[in-house]
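Have the viewer open, and follow along section by section.

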Amino acid sequence: MKISLAWIKDFVEIPADLEITKLAFDLTMSTVEVEAVTQPAAGLSAVIVGEIKTILPHPNADKLKICCTDIGDGDIREIVCGGSNIYEGMKIAVAKPGAWVRWHGVGELVEIKAAKLRGVESYGMICAAAEIGLLDLFPGDDEAAVIDLSEFNVKTGEPLATALDLEDTILEIDNKSLTNRPDLWGHYGIAREISAIYDLPLIGFTEWVSPTETTLAIEITMPDLCRRYMGARIEGLLVKPSPFAIKSRLWRVGMKPINAIVDITNYVMLATGQPTHAFDADIASDQITIRMAKDGEKLLLLSEDELTLTAYDMVIANQKEAIALAGVMGGQKNSVHDTTKDVILEIANFAAASVRRSAARHEIRTESATRFEKAVDSERTEQALSLAMHLFREIYPQHQVVAFTDNYPAKLVAVKEPISVSTRWLIKRLGKEIPVSEIERILRRLGFTVEAESNTEKTNEDCQKDDIRPTKADEILKIAVPSWRATGDISIPEDIMEEVARLFGYENFAAADITTTFTAAINQPDYDKERAIKEYLAFRCGLREIFTYPWMNDEYISPFVPGINLFACMDERESRLSAKTLRLEAPPSPSESYLRSSLLPNICRAVSENLRYFSEFAIFEAARTFNGDEWEARYDEQEKLPLQRRFIAGAFVAPKDDFARLFDRVKGVLAALPRYTHIEGYTFARREEPSWVDPALWQNIIIGEQIIGNLGLLASRHALSCNIKNATVMLFELDIDALIPYASRTNRFSPLPEYPRIDYDLSVLTDTDLTWEQIEVAVREVMKKDSLIRNVAFMGEYQGEQIPVGKKSVTLRLTIGSSKKTLTAEETQVCITKVVKQLKRLFAAELRE
């Protein structure tokens with residue numbers, strides 16, 4: 001969520017000497033995580049206001065003009081421009097040399113330099129809105145039109161950001177840190193926190209009083225799901241652009257301006273955190289019912305998606321049909337159109353669970369649903385109403401409110417009884433002696449009502465049992481929770497303790513030593529195994545560890561689910577996926593609806609995103625997967641869960657067509673892994689081809705007869721489906737739970753040979769389809785009978801001019817030696833002959849001269 005500091009200052013006066021870095025730090029430490037601090041005007045540093053004095057024809061181009069432009073203090077410069085709407089006396093945006101713009105609003109940023117255009121020297125550039133990122137503020141259908149600032153009260157030479165009042169500071173807040181704080185989903189909520197942190201006065205809203213006694217017919221059929229519904233019929237409007245100040249604020253926090261009526265509803269939501277909506281009154285009618293939908297009922301949304309509703313969806317309806325999906329999105333038919341003159345303003349409160357389920361059921365994510373599903377308090381509707389009416393009065397002075405109803409069947413019940421908290425209990429839990437007066441002051445700054453009374457039941461003996469110094473009389477604080485924190489956020493004494501601690505400052509609590517006794521080392525072979533694998537990949541092999549969510553993006557699933565057609569229809573995809581993967585009933589987003597059955601989809605997504613910045617890198621992740629084919633009951637047969645085995649997966653990425661080197665690197669990393677991590681070894685072979693590999697380059701990882709992993713080159717068609725272009729990607733995935741750690745964390749001791757051993761390289765001619773695995777098995781059969789042959793290793797293979805057609809030369813290395821003596825040349829030759837005979841008998845192999 002983006003928060004405008006200029007907007008915050010409407011509600012709290014921030015001291016001039018408070019640096020933005022300090023404010024961001026304090027908010028992060030006490031309330032929400034500020035991820036970044038940005039300046040919307042940073043990209044406009046060399047863009048100024050200019051005025052076209054005269055326009056001359058270009059001698060070499062019919063569509064270009066030479067604009068003699070005043071860039072301040074009478075400094076006239078010639079600028080070549082192809083704008084379709086330029087005229088003499090026009091105020092325009094001029095990018096001076098050194099400014100960065102995006103040509104025609106597309107492509108990368110380029111630096112403006114003084115240059116000749118078709119033979120005429122041009123000082124800078126007269127900008128279109130898209131070229132400097134202001135298209136939402138200056139929309140238009142003509143791509144050749146430049147920004148016209150003539151209607152603005154601006155001076156030539158003035159920086160454009162200053163002239164348009166775009167100089168602001170934006171705090172980018174991590175939405176996850178707001179999940180349990182519905183009161184913070186608007187500027188007023190953040191301002192209230194800043195007010196509490198720095199003990200500053202908070203500027204509230206002026207209560208709005210309806211000028212009419214006429215009411216709207218508003219019926220709520222389920223007060224447990226719609227707790228409050230305010231409706232106002234407003235007449236005398238017309239659809240027109242919003243004042244630039246409102247459009248600018250919306251734009252700065254990432255909201256696109258639409259028109260004055262719609263912008264008012266969006267502005268109110270962003271200011272107060274309370275979603276609002278405007279219906280065309282002529283279509284919506286004056287009879288509004290909040291009810292459950294009928295099974296199969298249709299609703300065409302503003303997004304032009306047609307929904308088939310269920311009996312579990314709450315809707316806003318007129319006498320004929322549903323006109324909005326409550327709390328999620330309005331219908332297209334009754335929305336604000338170009339001809340709208342009268343509206344019905346909706347400011348309502350809907351149950352969080354109902355909104356969340358409908359949004360998830362129909363795979364719709366909106367700013368409104370995001371706020372309602374956090375449990376907005378119903379008292380906030382009054383703030384939203386006050387601000388909305390203030391904006392209508394400013395933008396439409398001639399408007400009239402002809403009817404108003406506040407249907408409030410389920411008044412907000414905060415905590416029924418004030419929360420009772422013992423000051424001694426609070427101090428003990430905090431671990432720090434904080435004066436009771438300071439505790440009360442902190443709570444009152446946060447909006448709590450506090451009443452203190454003596455606790456006569458607590459004796460000094462009781463205090464000693466609780467390890468509390470009985471130096472001060474214990475008090476019981478009766479704490480009433482404000483409405484904006486009463487929807488589940490604050491309900492028990494521990495919540496109060498957290499409020500005190502965060503406002504007092506976590507950094508003000510000293511670290512305390514923990515007294516414990518270790519009696520023996522704890523052997524955790526599975527934990528040690530995974531830790532050793534991670535350290536090996538990260539420290540020795542140079543891979544970067546990543547962490548992803550336990551769900552997958554649908555776009556990346558297809559290559560890794562065997563048998564699925566990339567171009568299959570949705571129903572076929574669903575049936576294929578359902579057998580392997582588990583679908584979330586309430587996914588975090590419409591495109592992330594499945595739990596991961598493999599780590600590779602998220603690995604490929606990370607590859608796609610990182611290719612924008614790096615051409616060569618290697619990453620890995622270790623995490624649980626969820627297998628829909630197998631279920632287990634660990635504790636209770638009635639509570640089965642999908643099998644959740646731990647896997648490790650990774651990707652090695654290099655420039656295109658560099659697959660040979662990359663494959664060698666991947667296999668080398670995996671081949672050495674058992675030795676460095678003290679686990680039993682595994683082998684490589686081609687048994688079952690994974691669905692995602694290039695048929696020419698892959699192997700299975702095997703223990704015994706079990707395939708525990710795969711490695712291979714990601715097929716080009718699958719790479720494209722994962723948005724991976726112009727890169728070679730080698731993937732691997734390994735079942736960590738199938739790896740067997742040695743009983744000891746130390747290496748097995750093997751003495752150095754007392755007598756020298758011989759490495760003998762042997763080259764044989766074999767058929768081209770003979771694999772190294774077959775050769776190795778044959779040689780090891782000989783080793784079982786002759787203990788002098790200690791090891792066999794693959795050295796390489798060759799096909800070329802000296803090799804007959806259909807044949808290849810395979811070079812293997814034999815290690816030969818005795819533990820009792822130094823072998824003679826004749827004894828060594830006997831071992832070699834046995835191997836050659838074995839290969840000739842089984843494969844008709846010939847010794848290569």
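## H6 against H10

In this predicted model, helix H6 crosses H10 in a right-handed sense. H6 covers residues 260-272, and its angle to H10 is about 145°, with 9 Å between the two axes.

## Two helices on H14

Next, turn to H14, which spans residues 493-504 and packs with helix H11, residues 423-430. The angle between H11 and H14 is about 60° and their axes are 10 Å apart, which means that H11 is oblique to H14. Their crossing is right-handed. On the H11 side the contact uses Trp425, Leu426, Arg429 and Leu430, and on the H14 side Pro493, Glu494, Met497, Val500 and Ala501. Of the residues in the contact of H11 with H14, 7 are nonpolar, none are polar and 2 are charged.

Helix H12, residues 436-445, also packs with H14, at an angle of about 95° and with axes 10 Å apart. H12 is therefore roughly perpendicular to H14. Here Ile439, Ile442, Leu443 and Arg445 of H12 meet Ile496, Glu499, Val500, Leu503 and Phe504 of H14. The contact of H12 with H14 has 7 nonpolar residues, no polar ones and 2 charged.

## The largest pocket

The largest pocket has a volume of about 1,400 Å³. It is lined by 37 residues, and those closest to its centre are Lys667, Phe684, Gln699, Trp772 and Glu776. The lining comprises 17 nonpolar, 7 polar and 13 charged residues.

Which elements each supply at least two residues of the lining of the largest pocket? They are helix H18 (659-677), strand S34 (683-685), strand S35 (693-703), helix H20 (772-785) and strand S39 (789-798). H20 gives the most, with 7 residues of the lining.

## Two positive phi angles

A reminder for the backbone: most residues other than glycine have a negative phi. Ala375 is not a glycine, yet its phi is positive, about 75°. You will find Ala375 in the loop that joins helix H9 (367-372) and helix H10 (380-395); H10 is the helix that packs with H6.

Asn723 is not a glycine either, and its phi is also positive, at about 60°. Where does Asn723 lie? Look in the loop between helix H19 (716-721) and strand S37 (727-735).

Notes. Residues are numbered from 1 along each chain as its sequence is written. This is a predicted model: local features need pLDDT of at least 70, side-chain atom pairs count only at pLDDT 80 or more; totals for chains, interfaces and linings use all residues. Side-chain values use heavy atoms; hydrogens and water are left out. Axes are lines fitted to C-alpha atoms, for helices over the stretch in contact, and angles run from 0 to 180 degrees between N-to-C directions. Helices (H or I, at least four residues) and strands (E, at least two) are DSSP runs, numbered from the N terminus. Angles under 35 degrees count as roughly parallel, over 145 as roughly antiparallel, 65 to 115 as roughly perpendicular and the rest as oblique. A crossing is left-handed if the near helix is turned anticlockwise from the far one by less than a right angle, and right-handed if clockwise. Contact means heavy atoms within 4.5 Å. Ala, Val, Leu, Ile, Met, Phe, Trp, Tyr, Cys and Pro count as nonpolar, Asp, Glu, Lys and Arg as charged, and the others, Gly among them, as polar. On a 1 Å grid over the protein atoms alone, a cavity is a set of points where a 1.4 Å probe fits but cannot get out, and a pocket is an open set with protein on both sides within 12 Å along at least five of seven lines; lining residues have an atom within 4 Å of a point. Grid points are joined across faces, edges and corners, and a volume is the space filled by probe spheres set on the points.
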